[in-house]
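Trainee: Hi! Could you walk me through this structure? I'm new to reading models like this.

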Amino acid sequence: MDALVRPVLDPTFAGAALAFLFCGAALGTVSGLVPGLHANNFALLLAGLAPSIPADPLLVGVAMLGAGVVHSFLDIVPALALGVPDAATAVAALPGHRLVIAGRGREALRLSAVGSGLAVALAVPFAVPITWIMARGYPTVRAHLPLLLGAVVAFLVVTESSKRAAVGGLVAFLASAALGVATLDVDPSAPLDAGGVLAPLFAGLFGAPVLVDALGGDGVPPQSDARITMGRRDLGVSATAGSLAGAVVGYVPGISAAIASVAALPAVPESEADRGFIVATSGANTANTVFALFALAALGTPRTGVTVAVDRAEVPLALPILLVACATAAACGFTLLLLVGDAYLRVVGNADYTRLSIGVLCLLGCVSYAFAGSFGVGVFLVAAVLGLVPPRLGARRVHLMGVLIGPLMLG
């Protein structure tokens with residue numbers, strides 16, 4: 001117990017913890033604002049560097065969690081600003097893009113901030129009962145994991161908007177699963193020792209397609225005031241649904257925050273579907289980041305890239321300190337989202353979309369090479385082509401999580 005309390009009372013340790021936290025927040029800001037990058041990339045880099053960092057491993061863990069939490073707040077910004085379609089195709093656009101087209105992008109940013117902020121606030125009362133339930137049910141979950149994952153895939157397919165979209169979603173799942181089976185076990189030589197194929201896979205599947213679609217978009221139209229028009233009750237229901245879904249899936253292998261968002265949608269009020277979607281998605285994203293830490297402590301198994309890095313770096317699981325770090329990082333993420341988001345929408349809206357998209361695509365290619373060498377660049381290109389498929393068939397990109405679910409189902 002003394003080992004857990006001492007650092008909080010030690011001014012030297014507290015100052016060092018804040019310094020590492022702010023460094024992590026800076027990394028999370030970069031990854032959050034660049035589509036295709038993820039806090040996982042930086043967390044794994046820190047895990048590789050941890051043995052050579054002359055500091056308590058707990059401080060490295062604070063930086064990793066800071067990056068993950070801040071990223072979960074800020075990744076909504078490029079999602080709203082890039083890939084905005086023509087107004088004529090707005091009906092088929094994502095809810096966030098529909099709000100941007102309607103001039104309500106600034107409101108969308110604040111809805112996201114509230115959803116993520118409430119997720120952190122709800123983590124404290126939800127943590128103990130959910131962890132207690134999931135820890136006791138985990139042996140059953142593990143024993144029937146392929147069946148559970150199959151049910152999740154079926155749920156995603158049947159909840160699509162049309163038969164064509166359902167078929168497209170199934171095709172996307174099977175193709176991404178095949179890509180995962182073919183690449184995840186490969187250990188390519190790369191410039192970075194902490195590399196791996198996850199970085200090019202996710203950059204290709206989820207980052208590059210948004211940038212390619214942005215090449216033909218009209219950009220961000222002028223945005224009106226930032227006032228939140230969603231009622232408090234609907235806001236609270238959407239945030240709670242997203243947070244609960246994100247919390248639960250934090251304990252299940254292969255299930256991402258994106259899937260949690262889909263699971264939370266039935267609880268979102270129909271009258272506020274677009275706004276509720278943003279709140280629930282943001283809540284699920286941040287809750288998943290926080291509860292993955294509880295899953296690591298309770299089950300000893302990491303569920304996200306950040307917790308994999310925490311585990312690799314042998315970070316002591318001093319939950320009181322790490323939770324304070326998460327809460328402080330959430331305050332940073334909330335503030336940064338409000339400070340940076342509006343300017344990002346304005347700057348990107350006035351930018352040359354073609355040059356911007358090509359520039360970031362080149363950056364993602366470089367990141368893929370750094371993490372997985374020439375093999376990573378090839379994986380990035382294949383994944384990018386595959387990532388373009390679901391929207392063109394009217395399906396959600398969440399089916400591309402088959403890249404992780406498929407190999408897990410096969411054992």
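Predicted model: local features only at pLDDT ≥ 70, side-chain atom pairs only at ≥ 80, totals over all residues.

Trainee: Great. Let's start with α3 and α4. At what angle do their axes cross?

Mentor: Helix α3, residues 39–49, and helix α4, residues 57–74, cross at roughly 175°, and their axes come within 9 Å. That makes α3 roughly antiparallel to α4.

Trainee: Which residues meet there?

Mentor: From α3 you have Ala 39, Ala 43, Leu 46 and Ala 47. They meet Val 60, Ala 63, Met 64, Ala 67, Gly 68 and His 71 in α4. Sorted by class, the contact of α3 with α4 has 8 nonpolar residues, 2 polar ones and no charged ones.

Trainee: And which residues of α3 are buried?

Mentor: Those are Ala 39, Asn 41, Phe 42, Ala 43, Leu 44, Leu 46 and Ala 47. Their cover includes α2, α4, α10, α14 and α16.

Trainee: You mentioned Gly 68. Is Gly 68 buried or exposed?

Mentor: Gly 68 counts as buried because its relative accessibility is 6%, and buried means under 20%. Gly 68 sits in helix α4. Leaving out residues up to four places away in sequence, Gly 68 touches Ala 39, Thr 289 and Val 306.

Trainee: How far is Gly 68 from Gly 378?

Mentor: In sequence they are 310 residues apart, and in space 27 Å, from C-alpha to C-alpha.

Trainee: Switching topic: which residues touch the most other members in the largest nonpolar core?

Mentor: Met 64, Ile 259 and Phe 291 do, in a core of 112 residues. Helix α4 gives the most to this core, with 12 residues.

Trainee: What is Ile 259 in contact with?

Mentor: Setting aside neighbours within four places in sequence, Ile 259 is in contact with Val 152, Leu 156, Gly 254, Val 398, Met 401 and Ile 405.

Trainee: Okay, another helix pair. How do α7 and α15 pack?

Mentor: Helix α7, residues 105–143, packs against α15 at an angle of about 175°, with the axes 10 Å apart. The two are therefore roughly antiparallel to each other. On the α7 side, the contact includes Gly 105, Arg 106, Leu 109 and Arg 110. On the α15 side, Phe 334, Leu 338, Gly 341 and Asp 342 are among the residues involved. By class, this contact of α7 with α15 divides into 10 nonpolar, 3 polar and 3 charged residues.

Trainee: Which side chain does Asp 342 make a polar contact with?

Mentor: The partner is the side chain of Arg 110, at 2.8 Å. Not counting residues up to four places away in sequence, Asp 342 touches Arg 106, Leu 109 and Arg 110.

Technical notes: Residues numbered from 1 in each chain as written. Heavy atoms only, no water. Polar contact = N/O pair within 3.5 Å; in protein donor to acceptor, adjacent residues only side chain to side chain. Contact = heavy atoms within 4.5 Å. Axes fitted to C-alpha atoms, helices over the stretch in contact; angles between N-to-C directions. Helix = DSSP H or I, 4+ residues; strand = E, 2+ residues; numbered from the N terminus. Parallel < 35°, antiparallel > 145°, perpendicular 65-115°, else oblique. Nonpolar A, V, L, I, M, F, W, Y, C, P; charged D, E, K, R; others polar. Buried < 20%, exposed > 50% of the residue type's maximum accessible area, 1.4 Å probe, protein only. Core = buried A, V, L, I, M, F, W, Y, C linked by side-chain atoms within 4.5 Å.
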